[in-house]
Amino acid sequence: MRKTLFVALSSAVLSLVAFSGAQAQSDAPGTIVEVASANPDFSTLVTAVKAAGLVETLSGKGPFTVFAPTNAAFAALPAGTLDKLLADPKGALTDILKLHVIAGSVDAAAATAAVGTEVETLGGKVAVAKAGDKLTIGGATITATDIKASNGIIHVIDAVITAPAAAATAETTAEAPTPTEVATGDDGLAASSGSNTGLLLAIGAVALMGIAASTTVLTRAKARRND
C-alpha cells in the first residue's frame, strides 16, 4: 500500500515538474525574428528581413538590438520605394535593414544616455537625439522600448531609417541654398565699415583706376605726336 502511494506521488511530482518546465519554456521569448513574426504590426519588416536573407543572422546568438519599423512606417515611404527595395533585396534593402540593427544589447536607458551621439549600426552610424520628450534614432521616433527576445532587444520606431548619419548630413548640405550675395547686417566683413561706406569706397576705387588708365593713354598719344 505504501509502495503504491509512493509511486503515485512520485508520478504526480514528475508530471508537475514536467508541466512547469514546459510552461516556463513556452513563456520564454523567442528570437528577434520569432517575436517580430508573432506581431502583425511587423509583417512588412519580417517580409523584408526574409527577402534580404537576414533571418539566420537575426536568429543567431546575438545579442542584437533591433529598431523595428511598423507596417505604417514602411507605408509612409514615398510611393514605389518599398517595391524597389524588395526588387533589390541583397543590395539597397539589405543596406537599409542593417541601419536598424546594433550588434549588442542597447536598452532604453542606454539609448537615452547616447542622446547627442551617433551609434554604430551594422549599416553605419546613426544619430540618437531627443525631440521633446521623445527619443529618436536616425530621425525616427521610438514609440515602444525594451521588447525582450532570447537574443536581444526590440525597440519600435515610426519611420524607416534610409541613410547613415554621414550620408544624411551630406544630402542636407547639398540641398541647402547657395548664397547669392553677401549679407550686410551688423556682422561680418561686409558690414564692418557700413554698407554705404563700402559701396562708396568701391565706386571711388573704380573711378581712380579709370582716371589712371585714361591719363596713361593720353600721355602715350602725346609722346607719339612729339616724335
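Predicted model: local features only at pLDDT ≥ 70, side-chain atom pairs only at ≥ 80, totals over all residues.
Local features need pLDDT of at least 70 and side-chain atom pairs count only at pLDDT 80 or more, while totals for chains, interfaces and linings use all residues. Residues are numbered from 1 along each chain as its sequence is written, and side-chain values use heavy atoms, with hydrogens and water left out.

Start with the whole chain. The protein chain has ten helices and seven strands. Helices (H or I, at least four residues) and strands (E, at least two) are DSSP runs, numbered from the N terminus. Of the 227 residues, 27% are buried. Buried means under 20% relative accessible area, exposed over 50%, and partly exposed in between (1.4 Å probe, protein chains only). The chain exposes about 14,500 Å², and carbon and sulfur atoms supply 62% of that area. Accessible areas come from the Shrake-Rupley method with a 1.4 Å probe; for residues, only the protein chains shown count as cover.

Contacts come next. A contact means heavy atoms within 4.5 Å. Take those in the protein chain between residues at least 6 apart in sequence: 62% join residues at least 24 apart.

Now look at helix H3, residues 43-51. Its buried residues are Thr44, Leu45, Val46, Ala48 and Val49. They pack against helices H2 (32-37), H4 (55-58), H5 (71-75), H6 (81-87) and H7 (89-98), and against strand S1 (64-69).

The largest nonpolar core has 26 residues, and Leu45, Leu58 and Leu97 have the most contacts inside it. H2, H3, S1, H5, H7 and strand S7 (152-157) each give two or more residues to this core. H3 gives the most, with four. A nonpolar core is a set of buried Ala, Val, Leu, Ile, Met, Phe, Trp, Tyr and Cys residues joined through side-chain atoms within 4.5 Å. Not counting residues up to four places away in sequence, Leu97 touches Leu45, Ala48, Val49, Ala52 and Leu54. Another core lies apart from the largest one. That core has 15 residues, among them Phe67, Ala114, Val126 and Ile161.

Finally, the backbone. Most residues other than glycine have a negative phi, and most peptide bonds are trans. The peptide bond from Gly62 to Pro63 is cis, with omega near 5°. Pro63 lies in the loop between H4 and S1. Asp146 is not a glycine, yet its phi is positive, near 55°. Asp146 lies in strand S6, residues 140-149. Asp146 counts as partly exposed because its relative accessibility is 28%.
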